[in-house]
Amino acid sequence: SCVHTENCFVPISEIIAVEETELSKKQRHIGKWQKMARPHAFTVYYVKKARKHRWRCSDVTFWCVDEHLCNQWIGALKELLEKQKSRPKQLLVYINPYGGKRQGKRIYEQKVAPLFSLASISTDVIVTERANHAKDNLFEVNINKYDGVVCVGGDGMFSEVMHGLIGRMQKDSGIDQNNPKAPLVQCNIRIGIIPAGSTDCICYSTVGISDPVTSALHIIIGDCQPLDVSSVHHNNTFLKYYVSLLGYGFYGDILKDSEKKRWMGPMRYDYSGFKTFLFHHYYEGTISFQPAKHTLGSPRDKDSCRTGCHICKKSEQQLAEQQKESGLKHEEDEEEWRVIKGKFLAINAVNMSCACPRSPKGLSPAAHLADGSADLILVRKCSRFDFLRYLVRHTNQDDQFDFSFVNVYRVKSFQFTSKLSEDNESNVMDIGKKRFGHFCRDHPSCCCNAANTTWNCDGETLDSSAIEVRVHCQLMKLFARGIEENGKDEAAYSQSSTEQLL
């Protein structure tokens, strides 16, 4: 079903609301309405798609002289909207008033709340007062009364809400998060992200743009995008979940340095990046991983993840079949591990492309949002000039993996251990001892010391010299639809916000 305006067809799924419209005396004396004794009207609010994945709320007013006909139209359209079962009616909203440019509260109140109100969505709003306020609160609230949880802030705020929601689901199901092999329970409550931080990487990869109004409209119409989540463990202790990047070496060092310079604002990343590049530290260690045999794609196949991605759907089915066959035989899993020792400038594990305005393709252009795998990128020790060539390729269309010192693998789990595991062997898991042994001996220049074991975990620092990472296929869902292929007719939409049709 569609509403037809002069310029476009609008699917019912993209109608925001329908309201009876009171015509003012002034309006009644304009144009054709002058001839009508008592004109009746209703307004349809709908999603208008602009360029570069930006959405806006537009409206069109229909009018006629017959009051009964007008009411019939309103009733029929409202009935069709009621049938859109994926739309949220009640949302729990967390606002971080301190993140980014401290604009979260203003952005929500001015740009988002009026749209939720228009769409008849009721909200419970909590303005967070401290770190982990939202996370702690998610363990206490009656979560079942909500159709979704919305976080207003940057990637850090999203991470907090995600940890609270996933943790709450596991707690309610009696699952121990500290067990790295525990099959986790999927979260059926969707998370919405209203970007209001200094970095909004997840919005770019799941919606295509960092824009509060666009994200609010995706929430209103009830979009759903499953998302892989990776868990990070050390010595059978749960450390963190992440959905975009886990980076060691170059990206970990940038984050660690930039944390000390928050007063600089977003510019701190440029400064720390340049400084880290000049230091050119490398890290010696051993990485072992399980190839993701269930996935259809590969990191270099140029097949990007898009709305309704067939690779994600098929990979999910293949993974489920594999798990049925193997059951709980972890001994079989041991056979599949591959081991790589070396000196690395960067080790990056990405669950999504990690695209942003500066790097439009991201760290791994063909990474998928929901295929149950991560792309593991190993950048071996090389000259500063070669490393710069690699970094520059993130900003252009050249194949950034086409270097002899760069390897990329699609994996479902991996482990890394550095020199530090020697200093305290009891910290390393038995499985790690068997696989890794000793290394990085007599290499004082390799920088494997206690001060340099920082991981960049979705933009937050994580200190650990030995970790175990596992990808959990489609563990959670977002109010998003992935990146849409650029519509041919998007630019052709009219700028006019109100069209009148007889």
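## Buried residues of helix H3

In H3, the buried residues are Gly104, Ile107, Tyr108, Val112, Leu115, Phe116 and Leu118. Buried means under 20% relative accessible area; exposed is over 50%, and partly exposed lies in between (1.4 Å probe, protein chains only). Helices (H or I, at least four residues) and strands (E, at least two) are DSSP runs, numbered from the N terminus.

This is a predicted model: local features need pLDDT of at least 70, side-chain atom pairs count only at pLDDT 80 or more, and totals for chains, interfaces and linings use all residues. Residues are numbered from 1 along each chain as its sequence is written, and side-chain values use heavy atoms, with hydrogens and water left out.

## The bend in H3

H3 covers residues 104–118. H3 bends by about 40° at valine 112. That bend is the angle between axes fitted to the seven residues ending there and the seven starting there. Proline 114 follows within four residues. Just after H3, serine 120 has a positive phi of about 60°.

## Isoleucine 107

Why does isoleucine 107 count as buried? Because its relative accessibility is 10%. Leaving aside neighbours within four places in sequence, isoleucine 107 is in contact (heavy atoms within 4.5 Å) with Val112, Ile194, Pro195, Ala196 and Pro212.

## Strand E15 and its partners

Strand E15 spans residues 374–380, and six of its seven residues are buried. E15 pairs with E14 (residues 338–350) in the antiparallel sense over six bridges. Two strands pair if DSSP finds at least two bridges between them. Valine 379 in E15 stands opposite alanine 346.

E15 also pairs with E16 (residues 406–418), antiparallel, over six bridges. Here leucine 378 has asparagine 407 in E16 as its bridge partner.
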